[in-house]
Amino acid sequence: MNLTGGLAWHWQAWRAQARWAPTVRRLEAWLHSQTNWPGASTSPTDLPAPLNAPRKLLLIGASAGWMMPNSWLRQFEEVHTFDIDPWAAPLFKWRHADALKKSGTTLTCHTQNAFAHFPQLLEAHPEACVFFDNVLGQIRFQTKEIDSVETNFERIRQSLQGRQWGSVHDRMSGPVQRYFGAPPQAPEKIDTDKQTQQWLMRMNAQSPWLDHLTQHVFPAQTAVENFAWAFKPGYWHWLQAGWVRP
Ligand SMILES: C[S@@+](CC[C@H](N)C(=O)[O-])C[C@H]1O[C@@H](n2cnc3c(N)ncnc32)[C@H](O)[C@@H]1O
């Protein structure tokens with residue numbers, strides 16, 4: 001059973017587009033700022049990308065790319081999406097294929113468990129960068145032990161050594177007091193317990209909040225960006241994003 005994808009996800013995402021828009025815009029700006037290679041904007045007159053800029057992207061947990069901006073995808077020559085949800089491939093194409101065709105980006109959508117044979121998947125695309133698109137926060141639902149969540153992340157990090165990769169994922173989620181208007185902008189740093197509590201208070205968080213156990217996804221010293229995401233009325237997520245360079 002797919003707890004985090006499938007038709008229920010698509011229905012919810014389709015209906016929530018206006019509510020999610022402020023977070024999607026912040027994520028878009030952040031993605032561009034991290035992979036600020038020439039060729040990364042929507043302008044067709046861009047300079048060619050430098051030789052070491054990855055031209056190929058593996059997008060893991062892509063679903064229909066409900067939060068994934070075309071302006072960022074269009075910089076790549078090839079985009080490969082991976083999702084276990086059989087609806088993901090047709091819906092991703094429906095939402096993104098036209099824009100990618102215009103930029104000459106080849107789109108291939110794979111219906112498969114990306115983590116079942118992750119090292120082999122990477123070997124098949126040695127020159128690609130990887131983006132985990134709101135999927136690593138779900139690993140805690142696919143295992144019964146906290147330690148194995150950490151072990152999974154360790155294995156993923158090891159497989160990715162020597163390559164550029166990034167992730168946006170749930171850090172925590174939970175109920176909030178009804179809140180009108182766009183979600184608040186996150187502070188630059190949320191490292192200490194006090195900063196965490198201040199951030200939760202700013203989001204009007206009500207106990208209990210679920211920890212998605214993603215605190216140590218990135219190698220130490222990776223700069224991390226935080227976002228509030230008004231997932232449902234009265235239930236928000238705290239997203240974290242980072243980009244790793246070898
Ligand atoms: C929270 S949704 C995010 C979807 C997408 N990034 C978006 O913004 O629309 C998580 C997605 O990860 C997919 N997923 C979960 N486990 C996966 C796995 N092992 N391999 C590939 N996809 C997976 C789910 O099917 C679901 O579509």
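Helices (H or I, at least four residues) and strands (E, at least two) are DSSP runs, numbered from the N terminus. The structure is a predicted model, in which local features need pLDDT of at least 70, side-chain atom pairs count only at pLDDT 80 or more, and totals for chains, interfaces and linings use all residues. Residues are numbered from 1 along each chain as its sequence is written, and side-chain values use heavy atoms, with hydrogens and water left out.

His96 is found in helix H4 (residues 88-102). His96 counts as buried because its relative accessibility is 1%; buried means under 20% relative accessible area, exposed over 50%, and partly exposed in between (1.4 Å probe, protein chains only). Leaving aside residues up to four places away in sequence, His96 touches Ala64, Gly65, Met68, Asn70 and Leu73. Contact here means heavy atoms within 4.5 Å. The side chain of His96 also reaches the backbone oxygen of Gly65 at 3.1 Å. Gln240 lies 144 residues from His96 along the chain, and their C-alpha atoms are separated by 24 Å.

Strands E7 (residues 224-232) and E8 (residues 235-244) pair in the antiparallel sense over seven bridges. Two strands pair if DSSP finds at least two bridges between them. Trp229 has His237 in E8 as its bridge partner. The hairpin of E7 and E8 has two residues between the strands, and Gly234 in this hairpin takes a positive phi near 80°.

The loop between strand E6 (210-211) and E7 holds Thr222. Thr222 counts as buried because its relative accessibility is 19%. The side chain of Thr222 reaches the backbone oxygen of Pro219 at 2.6 Å. Thr222 touches Trp243 and Val244, not counting residues up to four places away in sequence. Gln221 is found in the loop between E6 and E7. At 79% relative accessibility, Gln221 counts as exposed.

Backbone geometry was also examined. Most residues other than glycine have a negative phi, and most peptide bonds are trans. Gln221 has a positive phi, near 80°. Phi of Asn204 is positive as well, near 60°. Asn204 lies in the loop between H7 and E6. Asn204 is partly exposed, with a relative accessible area of 25%. Pro208 is found in the loop between helix H7 (193-202) and E6. A cis peptide bond joins Ser207 and Pro208, with omega about 0°.

Helix H1 (residues 7-15) contains Trp14. At 47% relative accessibility, Trp14 counts as partly exposed.

Definitions and conventions: Polar contact = N/O pair within 3.5 Å; in protein donor to acceptor, adjacent residues only side chain to side chain.
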